[in-house]
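Me: I'd like to go through this one and ask where each label comes from. Could you set the values against the cut-offs as we go?

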Amino acid sequence: MAARRQYEELAQQLSAIGAVKRGLGRILPHECPAGSAAVLTLLDRHGEMRMSRLAELMAIDMSVTSRHVAHVAEHGWIDRSPDPADKRSRILRLTPAGRDMLADLSERYMNALAHYLADWSDDEVDQLNTLLGRLRASFGDCRPVPAVQAVPALPAAPAVPAAAPPERTTRTPV
């Protein structure tokens, strides 16, 4: 098992991933913000589905999902048709225009990653892909579980001299 200091460093690195996500978000076209891109990506990956399933996969409230779906539907990137099993529900599916937008988003992401990782070797990129995939697998689908499971306690960190208490802030640590 890794040492406590390694988990602390990992927590800091993961919180800083927000900067990477924001950087990638800046390359999205104005008409397709991150929430819209997520809707298109999930429909592409999982196929047609009800909005409730999409909200579950996005791990966001149904009202927020509804706004994202309305946006992509207004742009013609998805189709909302009645669910044959329940006429009150709608089935969401990608349109050809939605697939075209996904291809554009993919190209933008590839170009950005190639730019930012230009000084990385192929082996380093492969290693990052492997480790990120493993991290995701360790967390499963990241949806809340009904019961809290016991997590083994981490070994205590070595004693350090007392310091002034940290300033309270709502900012994410870097």
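Reply: Reading from the N terminus, the elements of the protein chain go α-α-β-α-α-β-β-α-α, which amounts to six helices and three strands. Those are DSSP runs numbered from the N terminus, helices being H or I with at least four residues and strands being E with at least two. Bear in mind that this is a predicted model, where local features need pLDDT of at least 70 and side-chain atom pairs count only at pLDDT 80 or more, while totals for chains, interfaces and linings use all residues. Residues are numbered from 1 along each chain as its sequence is written, and side-chain values use heavy atoms, with hydrogens and water left out.

Me: What makes S1 and S2 edge strands?

Reply: The open sheet has three strands in the order S1-S3-S2, with antiparallel pairing. Strand S1 (49-50) and strand S2 (78-83) each have a single partner strand, so one side of each lacks a neighbour in the sheet.

Me: How do you know that S1 pairs with S3?

Reply: Pairing requires that DSSP finds at least two bridges between two strands. S1 and strand S3 (residues 86-94) are joined by two bridges and run antiparallel, so they pass that cut-off. Met-49 stands opposite Leu-92 in S3, and the bridge partner of Arg-50 is Ile-91.

Me: Why are H3 and H4 called roughly perpendicular?

Reply: Helix H3 (residues 51-58) and helix H4 (residues 62-74) pack at about 110°, with their axes 9 Å apart. The axes are lines fitted to C-alpha atoms, for helices over the stretch in contact, and the angles run from 0 to 180 degrees between N-to-C directions. Under 35 degrees counts as roughly parallel, over 145 as roughly antiparallel, 65 to 115 as roughly perpendicular and the rest as oblique. H3 and H4 are therefore roughly perpendicular to each other.

Me: Which residues of H3 and H4 meet?

Reply: Met-51, Ser-52, Leu-54, Ala-55 and Met-58 in H3 meet Met-62, Thr-65, Ser-66, His-68 and Val-69 in H4, where contact means heavy atoms within 4.5 Å. The residues divide into six nonpolar, four polar and no charged. For those classes, Ala, Val, Leu, Ile, Met, Phe, Trp, Tyr, Cys and Pro count as nonpolar, Asp, Glu, Lys and Arg as charged, and the others, Gly among them, as polar.

Me: What makes H2 and H3 roughly perpendicular?

Reply: H2 and H3 pack at an angle of about 110°, with their axes 11 Å apart, and are therefore roughly perpendicular to each other. On the H2 side, Gly-35, Ala-38, Val-39, Leu-42 and His-46 meet Leu-54, Leu-57 and Met-58 in H3.

Me: Why is Thr-95 called buried?

Reply: Buried means under 20% relative accessible area, exposed over 50%, and partly exposed in between (1.4 Å probe, protein chains only). Thr-95 has a relative accessible area of 15%, so it is buried. It sits in the loop between S3 and helix H5 (96-116). Not counting residues up to four places away in sequence, Thr-95 touches Gly-76, Trp-77, Ile-78 and Asp-79.

Me: Is Leu-28 buried or exposed?

Reply: Leu-28 is buried, with a relative accessible area of 11%. Its place is in the loop between helix H1 (4-25) and H2.

Me: Why does Ala-59 count as exposed?

Reply: Ala-59 has 58% relative accessibility, so it counts as exposed. Ala-59 lies in the loop between H3 and H4 and has a positive phi of about 60° although it is not a glycine. Most residues other than glycine have a negative phi.

Me: What makes a set of residues a nonpolar core?

Reply: The set consists of buried Ala, Val, Leu, Ile, Met, Phe, Trp, Tyr and Cys residues joined through side-chain atoms within 4.5 Å. Of the 20 residues in the largest one, Cys-32, Leu-40, Leu-43, Leu-54, Ile-78 and Leu-105 touch the most other members. Helix H2 (34-46), H3, H4, S3 and H5 each supply at least two residues, and H2 gives the most, with five.
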